Amino acid sequence: MVQVNAYAAFVTKRPLVLLGLVALVSAGALTQVVGIGYDDDVVRFLPAEDPEVQAFTAMTERFGAMEVALIGVEAPDGHALYGDRGLGYLRALTRRLVQLPEVAHVTSLTELAIIESDGQGGAAHVALVPPEIPRDPEALAAIRARVLEKDYLTGLIASADGSAAVLVTQLVTHGPDGRAVSAKHAAEVAKLAALELAPPPGFTLHFGGAPFIAEAAANGSQDDLRRLAPFVIGITLFLVILSLGSFWAALYTVLTVALAILCTLGLMGALGKPLTLVSSSLPVVLAALGSAYAVHVLVWYREHGADVRHAIVHMGWPVIVTALTTVAGFLSFLVMDLAPMREFGWQMAAGSAIAAALALTLVPALLALKPLTPRPASTRAAAATRIDRALVSLAHATRARRWSVLVTAAAVAAFFALQLPNVDTRMDTAAFFAEDSAPARADRLLADRFGGSVFLQVLIDGDVRDPAVLHRLAAFEDRLSGVVGVTRTESIAGVLAVVHEGLKGERRLSRSAAEIEQLGFLAAKSDPAVSLLVDERWRGALIQVGLGGFDTGVVERITPEVRELARRHLVGYARPVERAERHRARVLGDAAERIAALAKNPDKAAAVEAVLARALPESARAPIAKAVDDVIKTEIVEDEMVVLANPDNAPLLARALIDDAMALALDRARFEAHLKRYVAASELEDADAFSRSAGYLFTQVELATAPALRRDLVAAIGEVLGPLDRRQALRIAAIADEILQPAWYVSEPPGSLVSGEDLARKVEVTVTGQPVLQQAMTRSVQHNQVHSVATSLPLVLLILVLVFRSVRAALIGILPAGLTLLVTFGLMGLFPEALPMDIAASMLASIALGVGIDYAIHFLWRYRRGDLDKAMLTTGRSIVINALEITGGFIVLAWASIAPVSRFGLLIAETLFVAALATLVLLPPLLTWWNPHRSRPPATPSLET
């Protein structure tokens, strides 16, 4: 092409003009790089259109951010934590965190207050740890005993053995000015503040939960790249010097890549695009991949007489074509649904194009000003003896044994293809870290002593103040407890039951909407973290489902099981029904299944149902009668909460209440009806006052008779199930209370016919949370891999067809890259635990096609211009040099502390090494099927025209 010849002449005559232009562009890029930012928002790595992501976003808008960071404090033994120094440290750490603008609130045992009755019908907030921490050993032992006896605290904020505590730290997502605050930044600030406070000797801090995991992964990746980048560049420089035999050649290569990186970052800065967790690797990736263009030009230059014009003429089009295939490979990222991956794709495409452009501008201009000596003839001869002759021999050997080579390659391809179904796509951030790393140790502590740091969120849409909805929510939580892999559950139902226990001595749910609202108010005052369990309008609630340490397999199994349980037992309408025979089988069966689930013994459900179906024994009448008599004597006869028309009628009132209690028919309405029959007329003049008094008296009767009503029932259930812990026993007793009530709460399916009143009790369920988002990312990575290959493969093939004007040549050229893909992903399938598919690995296919095929393009280009020997002699050395350089550069990343970075380095090194090897071994025999017409000009306009 005349224009290219003119360009080659221009470079040799006006190199300063080109260098000035490059310097001007570089200076402009430098001004833009200074202000480039870093976007650490991991939410951008989620596919925005995925329904799971949208559900999670909607949940966070209702409940506030689910960015809960867990700070574990581990003491050297079970008593040091509850000493004055241990409790003092916990309190100081808690208050230090609360003062941070990035922290919304902290739940800590030193600041938590328990709600108890004040003895006068009101509530009192009693601190677990007094404001003034005592020094007396007996007082400290009493605090320890008080905390550990609270079964609803052990395993949540205090370990059962007393040696560890957790500070549940909710991070803010928006600052006072309304601007978003990334969870990574907030976690960094909280972590730094915690570490600045020296713990007592022997104490250890652990940082767990999604925000700290994300922070450790992001910062660890950046630290790895900063730490290893100099080694990558140094090894690349060393290998280039060793391969080219010239320091200046190596310097020109490094300068070319450095300016390509600078210009790419400058372009990002000019467009306002910050670095992300993915694009922060751009300098290292571009340093290794972008050097190939300069290396090919410099090898040709030194091996062919150190003629700049000759090098441009012979290497210009191969560099342009290989750059196009690389750009096509990276542009295939644009079809991905993850914004950071799309951005990285066009950024690497731009960087590759810039590196190729600099190889054809900066390098020739530098060579024109500072020529390099050609490789001495004696050295070239020796090299030919050692390397080139070996490569030519390899070409002849593979061609002579064409069918053996091709059959072996087909067998290798088939073997690795069979491993593809075993590729494990894993996006859990917990897998980022080594077994002995701080995040891994924190995860083990939280899993072993606190049920883990990984939670599903089950969102229940409905009026949570309605007793029917609240009871069915609790019933569903019972079932979740029995799901294998669920380590714990937390919900507003459990919180309200505990508050009820503090006020009235019974851990159960209220059957009054007004009382539920009052209990909720008290709970929120005690711990603001209640906002993580119920929204402001009490129109939605969350069940936090602990899954222990993150295990992709556990999440994949549990999520559909939870959804199916919700569909069968909660979605629809929660409603009260009268205690009647037609509902009996359904209610008792439901209760029996829940009790068996709570006991982790589902096979006992039938036996428990048989116990529940028994009639109330007559032996219960005596303790029930005593309980009712005591209440009437104390509250009515002595304290005159209401005045009877005739005091002698007290036994008649008692008998009526006892009969109803034995018949399991005593509810608030019947109690008031009995009371109205016997009270003085004056009591009924103020209806509201009477109703309040009746409500109080009914509660006293209910609380007094409940133990007698359920005593035999709970004892019989215990005989069936065997030993239970306190939490299980209390919840099973509460279920027994439900069975003994005059009215039951049931769930009706969505399509059932219900009354207008019941329509207000509609319940919908959404299962979401970080594990579900990880699954969404996993699906995204899987289909992005397919989409990127489906995009890059046709683009690369099209470029090859246009360049060589031959479909056959294009297919031959792409076969080594295809074999490389099979080997790389086959290795991932062969070692799924060590080499799982993640975001970094998802880039391999496009890189292998876009970059790995460069070797084949250079080889085909030389082959078309000469014969097999000339192709191997002129191109083989460049392929070997570049493969060694890239492999050596990327292999350094194997020493990264973050597993995906380490795997990415190893896999890229392996991919491009295999691509080079496949090119040198497969192309000689394959090219027997392509005989280009060498007598006429090549299909692509020649640079020599």
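Me: Buried means under 20% relative accessible area; why is A661 called buried?

Reply: This is a predicted model, and in it A661 has a relative accessible area of 4%, which is under the cut-off of 20%, so A661 is called buried. The residue is found in helix α24, and beyond its neighbours up to four places away in sequence it touches L616, I624, L666 and L709.

Me: Why does L664 count as buried, and what is its phi?

Reply: L664 has a relative accessible area of 10%, and since buried means under 20%, L664 is buried because its value falls below that limit. Its phi is positive, about 55 degrees, although L664 is not a glycine, and the residue is found in the loop between α24 and α25, the latter covering residues 668-678.

Me: Which value of phi does E640 take, and where does E640 lie?

Reply: Phi of E640 is near 50 degrees, which is again a positive value in a residue other than glycine. E640 lies in the loop that joins α23 (621-638) to α24 (650-662).

Me: What makes L480 count as buried?

Reply: The relative accessibility of L480 is 0%, and because anything under 20% is called buried, L480 counts as buried. L480 is found in helix α17, which covers residues 467-481, and, leaving aside residues up to four places away in sequence, it touches V458, V486, T489, I543, V545, V562 and L565. In sequence L480 and R594 are 114 residues apart, yet from C-alpha to C-alpha they are 8.9 Å apart in space.

Me: Why is R731 called buried?

Reply: R731 has a relative accessibility of 17%, which is under the 20% that the term requires, so R731 counts as buried. R731 has its place in helix α27, residues 726-739, and it touches A474, A475, D478, R594, L598 and E738, with residues up to four places away in sequence not counted.

Me: How do you know that T699 is buried, and which backbone oxygen lies 3.0 Å from a polar atom of its side chain?

Reply: T699 stands at 16% relative accessibility, and as buried means under 20%, T699 counts as buried because of that value. The oxygen belongs to the backbone of G695, and it lies 3.0 Å from a polar atom of the T699 side chain. T699 itself is placed in helix α26, residues 687-721.

Me: Why is E764 called partly exposed?

Reply: Partly exposed covers values between buried, under 20%, and exposed, over 50%, and E764, with a relative accessible area of 40%, is therefore partly exposed. E764 is found in strand β12, residues 762-768, and, not counting residues up to four places away in sequence, it touches L459, I460 and D461.

Me: What makes the pair E764 and K762 a polar contact?

Reply: The side chains of E764 and K762 are in polar contact at 3.4 Å, and the limit for such a pair of N or O atoms is 3.5 Å, so the distance lies within the cut-off.

Me: How does the reach of helix α29 stand against the expected span?

Reply: Helix α29, residues 770-804, has 35 residues and reaches 50 Å from its first C-alpha to its last, which is close to the expected 51 Å at 1.5 Å a residue. Just after α29, R805 takes a positive phi of about 50 degrees.

Me: Which figures describe the chain, in secondary structure, in burial and in contacts?

Reply: The chain has 34 helices and 12 strands, and of its 945 residues 58% count as buried. Among contacts with a separation of 6 or more, residues 24 or more positions apart account for 80%. The C-alpha trace spans about 125 × 55 × 45 Å along its principal axes, and the accessible surface comes to about 38000 Å², of which 60% belongs to carbon and sulfur atoms.

Note on methods:
Residues are numbered from 1 along each chain as its sequence is written. This is a predicted model: local features need pLDDT of at least 70, side-chain atom pairs count only at pLDDT 80 or more; totals for chains, interfaces and linings use all residues. Side-chain values use heavy atoms; hydrogens and water are left out. Helices (H or I, at least four residues) and strands (E, at least two) are DSSP runs, numbered from the N terminus. Buried means under 20% relative accessible area, exposed over 50%, partly exposed in between (1.4 Å probe, protein chains only). Contact means heavy atoms within 4.5 Å. Accessible areas come from the Shrake-Rupley method with a 1.4 Å probe; for residues, only the protein chains shown count as cover. A polar contact is a pair of N or O atoms within 3.5 Å; within protein, one must be able to donate a hydrogen and the other to accept it, and residues adjacent in sequence count only if both atoms are side-chain atoms. The expected span of a helix is 1.5 Å times one less than its number of residues.
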